[in-house]
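Student: I would like to go through the labels on this model and see what each one rests on.
Tutor: Ask about them one at a time.

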Amino acid sequence: MNNPDSFLGIDIAKDWLDVAWLSGQTLRIDYTDEAVAGLTERLLADPPSLVVMEATGGLETAVASALAAAGLPVAVVNPRQVRDYAKARGRLAKTDRIDALILAAFAAAIRPQVRELPDEHTRALGELLARRRQLVEMRVQEKLRIQRASALQKASLREHIAWLDERISRLDIDLTHALRTSDAWRDKDDLLKAIPGVGSLTRATLVALLPELGTLTRRQIAALVGVAPFNRDSGKHQGDRVIWGGRAQVRRALYMAAVSAMRCNPVIRAFYKHLRSQGKPAKVALTACMRKLLVIMNAMLKHHSPWSPELDLQHSC
């Protein structure tokens, strides 16, 4: 039987961390470099089997990186999974301490897989992508405002839109430079850019936000991204297959790539037409194209194979 103190949950706030052991012991520390270093030393003295924390929009990066760098097993999980687990156990109350205890129980019961955390360069690439996405969202909002703006407001809006255009263009240059100056990333980029429909932004998104690409089976990578269909059957009722969960930002990039590939990629175009001819709805066919494109990229990186319309997808199993 596992030692209950070997499973830890860490609930992360902006200014402090709540640490909980499965045994019920809890600890609150300030979220500072010094306090995290002290926690790391304490855990190294009695190494846990698993430390679990939620993905909290980047707040978890510093503590997760510090623990992982020290060789401790860390899993960063989807908050929805943890909340569903808490509801299943009837734990509806929510405080930082309770959340940390739930995370410890989740660690012991579910044993989420420990994945290698992104290195400093990969995190930097992800931050560039996040900033680009923020600026694009700002530009969309400004373009919507200009449609109803007065003449006085339009001048200011146009000036801001022009500034956003310039900043987004500079970020695109920075992203390309980051991809081309890293040997590991450049190899991936060189393989992926040969696929018709896969642009520079899609490639940067995959490198930064899907480092597992090329290391998993086709089913695993599809489930990880969230383009694998799941059954919804009960008794004699057979429900529609739906996709669920996964990495939303990667899915958005795949969606744009699939739309482009349906026009210029002979494999994806033929696959889409085949599905539509069988009566599949356009949305279902497009999702299937996203999955097929992802599987092709996974196979290419796994076997270091150049793009070819005859690429044997069976090798990606």
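Tutor: C264 is partly exposed, with a relative accessible area of 40%. This is a predicted model, in which local features need pLDDT of at least 70, side-chain atom pairs count only at pLDDT 80 or more, and totals for chains, interfaces and linings use all residues. Residues are numbered from 1 along each chain as its sequence is written, and side-chain values use heavy atoms, with hydrogens and water left out.

Student: Why is C264 called partly exposed?
Tutor: Buried means under 20% relative accessible area and exposed over 50%, with partly exposed in between (1.4 Å probe, protein chains only). C264 has 40%, so it is partly exposed.

Student: What makes C289 buried?
Tutor: Its relative accessible area is 0%, so C289 falls under the 20% limit.

Student: How do you know that the structure holds zero disulfides?
Tutor: A disulfide is a pair of cysteine sulfur atoms within 2.5 Å. The count of such pairs here is zero. For C264, the nearest cysteine sulfur is that of C289, 12 Å away. Seen from C289, the closest cysteine sulfur is in C264, and 12 Å is too far for a bond.

Student: What is the area buried between domain 2 and domain 3?
Tutor: About 410 Å², with 70% from carbon and sulfur atoms. Buried area is the accessible area (1.4 Å probe) that two parts lose on being put together, summed over both. In domain 2, T122, L129 and R133 lose the most area to domain 3, together 65% of what that side buries.
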